[in-house]
Amino acid sequence: MYIYNVTTNIEDSVHDQWVSWMQKTHIPEMLATGKFTQAKMCRVLVEEQMGGSTYSVQYTTDSKNTLTKYYTEDAPVMRQKSLQLFADKMVAFRTELEIIGEF
């Protein structure tokens with residue numbers, strides 16, 4: 001199992017709009033790709049020097065192969081949608097995590 005983690009810092013001026021869009025549109029669309037089995041949205045509890053609020057959204061997938069398919073088949077469109085709405089109001093970075101065990 002793998003986690004595709006997207007960490008985003010969002011400016012205060014669009015915070016509420018972004019959170020609503022994530023919960024009502026973006027995360028459901030990510031799950032609808034069929035590449036992810038679940039998603040968790042978490043607020044990062046750190047005060048950023050740059051301001052704004054930071055969130056981590058963790059999408060669980062079954063394999064590295066499925067994640068690679070997401071990158072080629074879905075990621076460009078999904079990223080473009082977020083850039084159209086929030087391009088200069090957010091900074092995001094992505095990491096891949098391999099689940100070693102759950103206790």
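**Figure 1. The side chain of Asn-9 makes a polar contact with the side chain of Thr-54 at 3.0 Å.** A polar contact is a pair of N or O atoms within 3.5 Å; within protein, one atom must be able to donate a hydrogen and the other to accept it, and residues adjacent in sequence count only if both atoms are side-chain atoms. The model is predicted, so local features need pLDDT of at least 70 and side-chain atom pairs count only at pLDDT 80 or more, while totals for chains, interfaces and linings use all residues. Residues are numbered from 1 along each chain as its sequence is written, and side-chain values use heavy atoms, with hydrogens and water left out. Asn-9 lies in strand β1 (residues 2-10). Helices (H or I, at least four residues) and strands (E, at least two) are DSSP runs, numbered from the N terminus. The side chain of Asn-9 also reaches the backbone oxygen of Gly-51, at 3.1 Å. Because its relative accessibility is 9%, Asn-9 counts as buried; buried means under 20% relative accessible area, exposed over 50%, and partly exposed in between (1.4 Å probe, protein chains only). Apart from neighbours within four places in sequence, the residues in contact with Asn-9 include Glu-48, Met-50, Lys-89 and Val-91. Contact means heavy atoms within 4.5 Å.

**Figure 2. Glu-96 in strand β4 (residues 90-98).** Two polar contacts are shown: the side chain of Glu-96 is joined to that of Lys-64 at 2.5 Å and to that of Tyr-71 at 2.6 Å. Glu-96 and Lys-64 are 32 residues apart in sequence, and their C-alpha atoms are 9.1 Å apart in space. Not counting residues up to four places away in sequence, Glu-96 touches Ile-3, Lys-64, Leu-67 and Tyr-71. With a relative accessible area of 35%, Glu-96 is partly exposed.

**Figure 3. Thr-33 in the loop between α1 and β2 (38-43).** A polar atom of the Thr-33 side chain lies 2.7 Å from the backbone oxygen of Met-30. The side chain of Thr-33 also reaches the backbone nitrogen of Lys-35, at 3.2 Å. Between the C-alpha atoms of Thr-33 and Gly-52 there are 29 Å in space, and the two residues are 19 apart in sequence. Asn-9 and Thr-33 are 24 residues apart along the chain, with 24 Å between their C-alpha atoms.

**Figure 4. Thr-66 in helix α2 (residues 64-73).** Thr-66 has a relative accessible area of 13% and is therefore buried. Leaving aside neighbours within four places in sequence, Thr-66 is in contact with Lys-35 and Thr-61.

**Figure 5. The crossing of helix α1 (residues 15-32) and helix α3 (residues 75-86).** The two axes come within 12 Å and cross at roughly 165 degrees, which means that α1 is roughly antiparallel to α3. Axes are lines fitted to C-alpha atoms, for helices over the stretch in contact, and angles run from 0 to 180 degrees between N-to-C directions. Angles under 35 degrees count as roughly parallel, over 145 as roughly antiparallel, 65 to 115 as roughly perpendicular and the rest as oblique. Among the residues that make the contact are Trp-18, Trp-21 and Met-30 of α1 and Met-78, Leu-85 and Phe-86 of α3. By class, the contact of α1 with α3 has 6 nonpolar, 3 polar and 2 charged residues. Ala, Val, Leu, Ile, Met, Phe, Trp, Tyr, Cys and Pro count as nonpolar, Asp, Glu, Lys and Arg as charged, and the others, Gly among them, as polar.

**Figure 6. The crossing of α2 and α3.** Here the axes come within 4 Å and cross at roughly 60 degrees, so α2 is oblique to α3. Tyr-70, Tyr-71, Thr-72 and Glu-73 of α2 make the contact with Ala-75, Pro-76, Met-78 and Arg-79 of α3. The residues of this contact divide into 5 nonpolar, 1 polar and 2 charged.
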